[in-house]
Amino acid sequence: MDALIREIKEESGIDVTVSQLIGVYSNTGIHKWYDGVTDVPTKVMFDFICKPVGGELCTSEETSEVMWVAKEKVLDWITQPAIRTRYQAYLDYDGNTRYMDYVTGDTFEVNLDRTV
């Protein structure tokens, strides 16, 4: 939790409290990095609900643009299928933690989607 709180602060300027784990996502596709040479291995990502409790919204070395967006409008800003899918899972969150195995690369394909 400490690493999550620290990363959010570093990348957005916002202080948060962590509420709950809502999703575990495995990107099991191995594809080439932007350099066209380096293999990008399987990744496991954890999505949490967090509440802002302070700080000032700002950019960082890892973020070029930041803004507050109404929850019901955020999908208008997300174009990558994997990120849209994960955010939709947040919007649909019913109290059960979700696990999803997907592959990104030239296409986006969900291999497994279930609650745990």
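Author: Let us begin with a definition: helices and strands are DSSP runs, numbered from the N terminus. The model here is a predicted one. V53, for instance, lies in strand β4.

Reader: Let us turn to the whole chain. How many helices and strands does the protein chain have?

Author: The protein chain has two helices and six strands. In sequence order the pattern is α-β-β-β-β-α-β-β. The C-alpha trace spans about 40 × 35 × 30 Å along its principal axes. Of the 116 residues in the protein chain, 23% are buried. Among contacts between residues at least 6 apart in sequence, 52% join residues at least 24 apart.

Reader: How is a sheet to be read?

Author: In general, the strands of a sheet pair through backbone hydrogen bonds, in either a parallel or an antiparallel sense. In this model, four strands form an open sheet in the order β4-β1-β5-β6, and the pairing is mixed. The edges are held by β4 (43-55) and β6, each with a single partner strand, so one side of each has no neighbour in the sheet. On average, neighbouring strands of this sheet are turned by 25° against each other, direction ignored.

Reader: Which strands pair with β5, and in which sense?

Author: Strand β1 (residues 14-27) runs parallel to β5 and is joined to β5 by five bridges. Within that pairing, Y25 stands opposite M100 of β5. Strand β6 (residues 109-115) pairs with β5 in the antiparallel sense, over six bridges. There, Y99 stands opposite R114 in β6. β5 and β6 form a hairpin with five residues between them, and G105 in the turn has a positive phi of about 150°.

Reader: Where do the helices lie in relation to these strands?

Author: α2 lies across β1, β4 and β5, and runs at about 170° to β5. To read that value, note that angles run from 0 to 180 degrees between N-to-C directions.

Reader: Which residues make up the largest nonpolar core?

Author: Six residues form this core: Y25, M45, A82, A89, M100 and Y102. At least two of the core residues come from α2, and at least two from β5. M100 also has contacts beyond its sequence neighbours: leaving out residues up to four places away, M100 touches V24, Y25, S26, T85, V110, L112 and D113.

Reader: How does one describe a pair of aromatic rings?

Author: Such a pair is described by the distance of the centres and the angle of the planes. The count in this model comes to three aromatic pairs. In one of them, the ring centres of W33 and Y34 are 5.0 Å apart with the planes at 65°, so this pair is edge-to-face. Another is formed by Y102 and F108, whose centres lie 5.3 Å apart with 55° between the planes, and this pair is tilted.

Reader: Are the residues of these two pairs buried or exposed?

Author: Y34 is exposed, with a relative accessible area of 74%. Y102 is buried, at 2%. F108 counts as partly exposed because its relative accessibility is 26%.

Reader: As a last exercise, where is T97 placed?

Author: T97 lies in the loop between α2 (81-91) and β5 (98-103). Its relative accessibility is 17%, so T97 counts as buried. A polar atom of the T97 side chain lies 3.2 Å from the backbone oxygen of L21. Not counting residues up to four places away in sequence, T97 touches L21, I22, G23, R114, T115 and V116.

Technical notes
Residues are numbered from 1 along each chain as its sequence is written. This is a predicted model: local features need pLDDT of at least 70, side-chain atom pairs count only at pLDDT 80 or more; totals for chains, interfaces and linings use all residues. Side-chain values use heavy atoms; hydrogens and water are left out. Buried means under 20% relative accessible area, exposed over 50%, partly exposed in between (1.4 Å probe, protein chains only). A polar contact is a pair of N or O atoms within 3.5 Å; within protein, one must be able to donate a hydrogen and the other to accept it, and residues adjacent in sequence count only if both atoms are side-chain atoms. Contact means heavy atoms within 4.5 Å. A nonpolar core is a set of buried Ala, Val, Leu, Ile, Met, Phe, Trp, Tyr and Cys residues joined through side-chain atoms within 4.5 Å. Two strands pair if DSSP finds at least two bridges between them. Rings of Phe, Tyr and Trp (its six-membered ring) pair if their centres lie within 6.5 Å; planes under 30 degrees apart count as stacked, over 60 as edge-to-face and the rest as tilted.
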